[in-house]
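Hi,

Here is the structure I promised to hand over. Have a look at it first, and then read my notes below.

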Amino acid sequence: MATSSENTIAKAAQEVTNDEKETNGTEEVAVEPKTGVSFPVKLDDGKQLNCVGLRKKSMLGFGIKVYSYGMYADNEKLKDLLKSKIGKAPEKPTKELYQMVIDSDVEIVVRLAIVYSSLTISMVRKNFGEGLGASIKKLNGGKKNDELDNKVMGQASDDIKLTSGSLIEISRLPGFVLETKVMGEVISKVESELLCRAYINMYLGDDPLDKDAKDKFGISLISLF
């Protein structure tokens, strides 16, 4: 018989699975509720959507919705990782659980859908550099590494025109490689364990871009047990 904690986990996992889910034609999608942006629940290569979230930025005293995002993962490999390290599901997501994901090289794709229609590549580069730079500094004993965080978006041409709905995909690949695509074009591919950890830490660390999204990712991890 399931315990009360197991029932709670199952219920929460089901809520994550069904969160704002709908069908777009023949494709099942999940909708980020604050922007209405939809994300397929599964990518062509089988990676599954574990959460959707929103990146907001304060500009001139206003909270600007910059981009919505969906976090996809190879859940089978995540399951193998977690079961080998923990064995039994915790009652709720723990820092240890998130840290295992941050420190691993299990493949994770973060798909960013631009919401702010006036966004430019130079703004993306600056915004991204600030967030990633702070994450690198935190994981690197308080030491900045501007050269490393500049490798991600530094080669993106200012001639690239972004519009509302434009997609940027940043993937942590096996072997600690961070690959960045802007509108389908590979902009950079950087091999660095610190960079990969710092990037995922932006979403799953102590100061995440969207806490609700982090919580949903955590519940999806527990459901893998």
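Let's start with D149, which sits in helix α5 (residues 146-153); helices (H or I, at least four residues) and strands (E, at least two) are DSSP runs, numbered from the N terminus. D149 has a relative accessible area of 6%, so it is buried. Here buried means under 20% relative accessible area, exposed means over 50%, and partly exposed is in between, with a 1.4 Å probe and protein chains only. Leaving out residues up to four places away in sequence, D149 touches G129, L132, G133 and I136, where a contact means heavy atoms within 4.5 Å. Take L132 from that list: D149 and L132 are 17 residues apart in sequence, but C-alpha to C-alpha they are 6.4 Å apart in space.

A quick word on the ground rules: this is a predicted model, so local features need pLDDT of at least 70 and side-chain atom pairs count only at pLDDT 80 or more, while totals for chains, interfaces and linings use all residues. Residues are numbered from 1 along each chain as its sequence is written, and side-chain values use heavy atoms, with hydrogens and water left out.

Now the whole chain. There are seven helices and nine strands, and 47% of the 225 residues count as buried. If you take the contacts in the chain with a separation of 6 or more, 63% of them are between residues 24 or more positions apart. The accessible surface of the chain is about 11,600 Å², and carbon and sulfur atoms own 47% of that; the areas come from the Shrake-Rupley method with a 1.4 Å probe, and for residues only the protein chains shown count as cover.

Next, please find helix α6, residues 193-204. Its 12 residues reach 16 Å from the first C-alpha to the last, close to the 16 Å expected at 1.5 Å a residue (the expected span is 1.5 Å times one less than the number of residues). How many of the residues of α6 are buried? The count is 11 of 12, so the helix is mostly covered. Among the buried ones are L194, C196, Y199, M202 and Y203.

Which residues have the most contacts inside the largest nonpolar core? They are Y199 and Y203, in a core of 52 residues. A nonpolar core is a set of buried Ala, Val, Leu, Ile, Met, Phe, Trp, Tyr and Cys residues joined through side-chain atoms within 4.5 Å. The largest share of this core, nine residues, comes from α6. Y199 touches V110, L112, F128, L132, I170 and L178, not counting residues up to four places away in sequence. There is also a second, separate core of nine residues, which includes A30, L49, V52 and V109.

On a 1 Å grid over the protein atoms alone, a cavity is a set of points where a 1.4 Å probe fits but cannot get out, and a pocket is an open set with protein on both sides within 12 Å along at least five of seven lines; lining residues have an atom within 4 Å of a point. Points are joined across faces, edges and corners, and a volume is the space filled by probe spheres set on the points.

A search of the whole structure turns up two cavities of 30 Å³ or more. The largest cavity holds about 120 Å³ of space. It is lined by 14 residues, with Y67, L112, V124, N127 and F128 the closest to its centre. Helix α4 (121-139) gives the largest share of that lining, five residues.

The second largest pocket has about 270 Å³ of space. Of its 13 lining residues, G131, A134, M202, D207 and L209 lie nearest its centre. Here too α4 gives the most to the lining, with five residues, and α6 supplies at least two.

F176, between β7 (167-173) and β8 (177-182), has a phi near 60°, a positive value in a residue other than glycine. F176 counts as buried, at 18% relative accessibility. M183, in the loop between β8 and β9 (185-191), has a positive phi as well, near 55°, but M183 is partly exposed, with a relative accessible area of 46%.

Cheers
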